[in-house]
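Hello,

Here is the structure I promised to pass on to you. Please have a look at it first, and then read my notes below.

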Amino acid sequence: MNNAGPSVCFGFDSQPGHQKEANRGGLRTTSYGATTEGATWGGTGAFAAKVGGVWDALLSEGRNWWLFANSDCHFVDGDFFPGEYQKNKTFITQKNNPQAIVDGLRSGNSYVVMGDLIDSLDFKIGTATMGQTYTVTSGNKATLNIIVHDPQSDNFNTYSSFTNPELDHIDIIAGTITSKIDPSSPDYTLATVATTSVIARFGKTTYTDTKGITTQLWTDLGNGYKQISFETTITGKMYFRLRGTHHAFGVDGTQIDSEGNPLVDPFGSNTAAKAFEDLWFYSNPVFVEKSVPAPVKNAVKSTVKVYPNPAQEILNIAFSEPQNGEVTLFDLTGKAVVKSTLNGETTKQISLQGISKGIYTIQAGNLFQKVAVE
């Protein structure tokens, strides 16, 4: 449907309504089969809550596919009222204009939030905001600029005393963009993607999770405003999105795992009070690409081959033309983990001893190649 009408079918409510029901989100065990799997994770559908899940798989194709929250109300006793628990915050150009609202939804310049955990989000890379693409014209660096506001007043929770949650941290999630997958390809129905991960975290206290990501301190501007500036390496077409919660590492072990991911919501035990004690926000993505220089007339076109891929102990790199300079292996955070000098060589061998498993980018001059280390 997105292929057929990208301006009509451009998102989903993977953060469902009915968050007050015993089966959080109103979903049934038959939706996923095993009761241990669940249907929502911290109130967000598994498609979007899982890093590298369905939503990331769609974004990794370069699709303008946005996340929305559903705040419908069917029963006074069984549902939260619209806006009582969930909100879509969408930036529009003109109030009270239905077309401007639809245009705002189409733009992707929006975020979803539970329990008024935040009430304002300014998320930009260069001049691009959520739903837009920023083009890096020189170098390979881009800076994420984030200002978020944690309201200093009570939310609409009338079910417990936990009425003013405090934002604990924000995860920065990055993914690599390839191209849209042809419907005839067997990869078209894959529900996961391996090139998306949490690359950085900012919060009020430092903590190192089990993947080695250390929470960096954000700048506290006062009155609930937090500011984040994060520079990262752009290795090609990429996207960046945010998620945040009040859950602290080492404290809320029943709500987040050791990597900061939301845990499954068990069937049959949710209440309105429990929902208000498990709050998250998710932003839509900002896309980034590198400008492509104009071709030089009669220039030699060089290519790079990396093998084996996936690699384990040794990585071989072969160029179609002799290369000078450096060959560098970057991790997903943009950190250079291996560097080696090229002196007119057409082949290079790199040792992967001590390199963690994951997805990396090989750069040699203007040549880039993805590689998996196992």
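A residue counts as buried when its relative accessible area is under 20%, and as exposed when that value is over 50%. Please keep in mind that this is a predicted model.

With that cut-off in hand, let me start with serine 14, which sits in strand β1, residues 11-15. Its relative accessibility is 6%, so serine 14 is buried. Leaving aside residues up to four places away in sequence, serine 14 is in contact with Thr44, Gly45, Phe47, Ala48, Leu67 and Phe68. With Ala48 there is also a polar contact: a polar atom of the serine 14 side chain lies 3.4 Å from the backbone nitrogen of alanine 48.

Now the overall picture. The protein chain has four helices and 23 strands. A compact globule of 374 residues would have a radius of gyration near 21 Å, and the 22 Å of this chain agrees with that. The C-alpha trace spans about 75 × 45 × 45 Å along its principal axes. Buried residues make up 48% of the chain.

Asparagine 97 caps the N-terminal end of α3 (residues 98-107), with a side-chain oxygen 3.0 Å from the backbone nitrogen of glutamine 99. After α3 comes glycine 108, with a positive phi near 85°.

Most residues other than glycine have a negative phi, and most peptide bonds are trans. What is the phi of histidine 18? It is positive, near 60°. Histidine 18 is in the loop between β1 and β2 (40-41), and its relative accessible area of 16% means that it is buried. Asparagine 223 has a positive phi as well, near 55°, and belongs to the loop between β14 (219-222) and β15 (225-233). Asparagine 223 is exposed, because its relative accessibility is 65%.

Finally, look at the loop between β19 (304-307) and β20 (314-330), where proline 308 is found. The peptide bond from tyrosine 307 to proline 308 is cis, with omega near -10°.

Enjoy exploring!

Best wishes

Methods:
Residues are numbered from 1 along each chain as its sequence is written. This is a predicted model: local features need pLDDT of at least 70, side-chain atom pairs count only at pLDDT 80 or more; totals for chains, interfaces and linings use all residues. Side-chain values use heavy atoms; hydrogens and water are left out. Helices (H or I, at least four residues) and strands (E, at least two) are DSSP runs, numbered from the N terminus. The radius of gyration is taken over C-alpha atoms; the globule rule is 2.2 Å times the number of residues to the power 0.38. Buried means under 20% relative accessible area, exposed over 50%, partly exposed in between (1.4 Å probe, protein chains only). A polar contact is a pair of N or O atoms within 3.5 Å; within protein, one must be able to donate a hydrogen and the other to accept it, and residues adjacent in sequence count only if both atoms are side-chain atoms. Contact means heavy atoms within 4.5 Å.
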